[in-house]
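Good morning, and thank you for making time for this item.

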Amino acid sequence: MIIIGEKINGTIPSVAKAIAEKDADFIRNLAKAQAEAGAAFIDVCASVENSIELETIKWLIDLVQEVTDTPIAIDSPNVRICAEAIKFCNKPGLINSVSMEGDKVDVIFPLIADTKWECVALLNDDTGIPQDAEKRMEVFAALMIKAKEYNIDPSRLHIDPLVQMLCTSEDGINSVTEVIRAIKAQYPTIHVTGGASNISYNLPSRKLVNQAFIVLAMAAGMDSAIINPLNRDMMGMIYSTEALMGEDEYCMEYIGAYREGKFGEKK
């Protein structure tokens, strides 16, 4: 599982406070802790006013890169901010995100075409979020035409099938898992990602719902997730699910992660 560490996000009150107060140590500590917990990318999302978003993202990226060489996931709904922020990164990372809405793909794909940058792509377009699996796959097909046009290899894409609130869903996560399976069947090397916490909004004991979602999504083919790597129960669930799915020979990754203290009882 490719872990995208979600904790440096201005929508989180403690992070918003750190950004407002320019608490550099708070940000550094969050970055270092997530890297040590196993994050493959450190997501950086400012969530501030447009006029200061780029300078804030630069400040956050600089702090993260002071304490870890884990690649950055540049996170903004404004693709032009993402495009500008690429120059602040010491190495290729992940753009979070594009979609078939407006010109987002046409801004980012040509910029990263001849690089090693990866990209999250959401399955929505100018009509909004498709409400069934068939329509999401239509958006996916259009997206992959664009990827081929710009020579973006499928292995560099992390497709987000759009995980929505469980409490408003009529069929649980069946539509999401249907989309995941269909995507992986067409493009085995492509990644499928999503924000696990999206599923549990407005529900009690959210962590339990998030963990159950991860197990079912991984069984369907999800191999990338935007989560909190400091959640030891979630990390344990991921390692154990990989072992149960036969993706961890002799459970060596599971055993190694446990010995490193990434999950289980604190030593």
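Helices H2 and H3 cross in a right-handed sense; a crossing is right-handed if the near helix is turned clockwise from the far one by less than a right angle, and left-handed if anticlockwise. Before I continue, please note that this is a predicted model, in which local features need pLDDT of at least 70, side-chain atom pairs count only at pLDDT 80 or more, and totals for chains, interfaces and linings use all residues. Residues are numbered from 1 along each chain as its sequence is written, and side-chain values use heavy atoms, with hydrogens and water left out.

Helices (H or I, at least four residues) and strands (E, at least two) are DSSP runs, numbered from the N terminus. H2 packs against helix H3, residues 50-67, at about 55°, and their axes are 8 Å apart. Axes are lines fitted to C-alpha atoms, for helices over the stretch in contact, and angles run from 0 to 180 degrees between N-to-C directions. H2 and H3 are therefore oblique to each other; angles under 35 degrees count as roughly parallel, over 145 as roughly antiparallel, 65 to 115 as roughly perpendicular and the rest as oblique. Which residues of H2 meet H3? They are Ala-24, Ile-27, Arg-28, Ala-31 and Lys-32, and they meet Trp-59, Leu-60, Leu-63, Val-64, Glu-66 and Val-67 in H3, where contact means heavy atoms within 4.5 Å.

The second pair is H9, residues 232-244, and H10, residues 252-259, which pack at about 160° with axes 8 Å apart. H9 and H10 are therefore roughly antiparallel, and their crossing is left-handed. Gly-236, Tyr-239 and Ser-240 of H9 make this contact with Glu-253, Tyr-254 and Ala-257 of H10.

Let us turn to the sheet. Eight strands form an open sheet with parallel pairing, in the order S7-S6-S5-S4-S3-S2-S1-S8; two strands pair if DSSP finds at least two bridges between them. Strands S7 (191-192) and S8 (224-227) stand at the edges with a single partner strand each, so one side of each has no neighbour in the sheet. Within the sheet, three bridges join S3 (residues 72-75) to S4 (residues 94-100), and Ala-73 has Leu-94 in S4 as its bridge partner.

Helices also lie across these strands. H2, residues 24-37, lies across S1 (2-9) and S2 (41-45), at about 165° to S1. H6, residues 133-149, lies across S4, S5 (118-125) and S6 (157-160), at about 135° to S5.
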